[in-house]
Amino acid sequence: MNPQELKSIMGSGLLSFPLTDFDANGDFHKAGYVKRLEWLAPYGASALFAAGGTGEFFSLTAEEYPEIIQTAVDTCRGVVPIIAGTGGPTRFAIQCAQAAEKAGAHGILLLPHYLTEAGQEGLAAHVEAVCKSVKFGVIVYNRANSKLKPETLARLAERNPNLVGFKDGVGDIEAMVAIYQKMGDRFAYLGGLPTAEVYAAAYKALGTPVYSSAVFNFIPKTAMDFYKAVAEDDMATQHRLLKNFFMPYLDLRNRMAGYAVSIVKAGAKVVGHDAGPVRAPLTDLKPDEMDKLKALIDTLGPQ
């Protein structure tokens, strides 16, 4: 798939990040991962991001990564495109990007670098090095420790034709407007804040109607229903689901740092698609929190 085809995929529809399955010892569980992808693929997501943030990319080894991406590509071939998560130190990010390209992924999402802070010049050098290491499309992920300014993105886009997408995980509306006004349709845009449904209507008004859903991992029907409600400006459905599910869900998610991933794995376990434990430094939900999450999920009905 060429970069423009990846950009087109990101132009509409709901995207999601499958969990990465681990066994009781915390090792990659390939058979479970295949079953997960086979379950999620038919629900209608425009693309799935293998080994992304929800897929615990940050905890994967260099040895595990190629197998995870290859498994996703092979399992979903002809059903749904696979975009691979990439990130960390620049040379490791390049290693992952090239492995994803070799595996047949449709592009990469470039997650934050390894440093807590970096200037625009260093961020640009990091992004450009990864872009130039592959031929397929690259989506850059804007996060708190890797905020790219409009001028930096413009320079990167000019020098790297395969940089075709921008995912925002910061939520700075003023900055997002500035980027959109600067870059226009040069990029495809993706809302990527944790529990993105809460921000979906606001981002649509900014010109970013596409977002990635973490809850798709355990309530795929509800996730698609909510996306359709946003697309159709069905405010009644949005408000009902926000009030009855998403806001109480946020109360649980916000109990512990790192629960944005842990609660998704918990949800998958509740609905019978257990992906195993999270890896340290994340921690799994406590039993009483699992009970509260199950009660919330039960109110939504069959998925």
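What follows is a short exchange on how some terms apply to this predicted model.

Tutor: Before we start, note that residues are numbered from 1 along each chain as its sequence is written, and that side-chain values use heavy atoms, with hydrogens and water left out. In this predicted model, local features need pLDDT of at least 70 and side-chain atom pairs count only at pLDDT 80 or more, while totals for chains, interfaces and linings use all residues.

Student: What makes S1 and S2 paired strands?

Tutor: Strands are DSSP runs of E with at least two residues, and helices are runs of H or I with at least four, numbered from the N terminus. Two strands pair if DSSP finds at least two bridges between them; strand S1 (residues 15–16) and S2 have two bridges, in the parallel sense, and therefore count as paired. Serine 16 has leucine 48 of S2 as its bridge partner. S2 also pairs with strand S3 (residues 82–86) in the parallel sense, over three bridges, and there leucine 48 stands opposite isoleucine 82.

Student: Why are H4 and H5 called roughly parallel?

Tutor: Axes are lines fitted to C-alpha atoms, for helices over the stretch in contact (heavy atoms within 4.5 Å), and angles run from 0 to 180 degrees between N-to-C directions. Helix H4 (residues 90–103) and helix H5 (residues 120–132) pack at about 25°, with their axes 9 Å apart. Angles under 35 degrees count as roughly parallel, over 145 as roughly antiparallel, 65 to 115 as roughly perpendicular and the rest as oblique, so H4 and H5 are roughly parallel to each other.

Student: Which residues of H4 and H5 meet?

Tutor: Thr90, Ala93, Ile94 and Ala97 in H4 meet His126, Ala129 and Val130 in H5.
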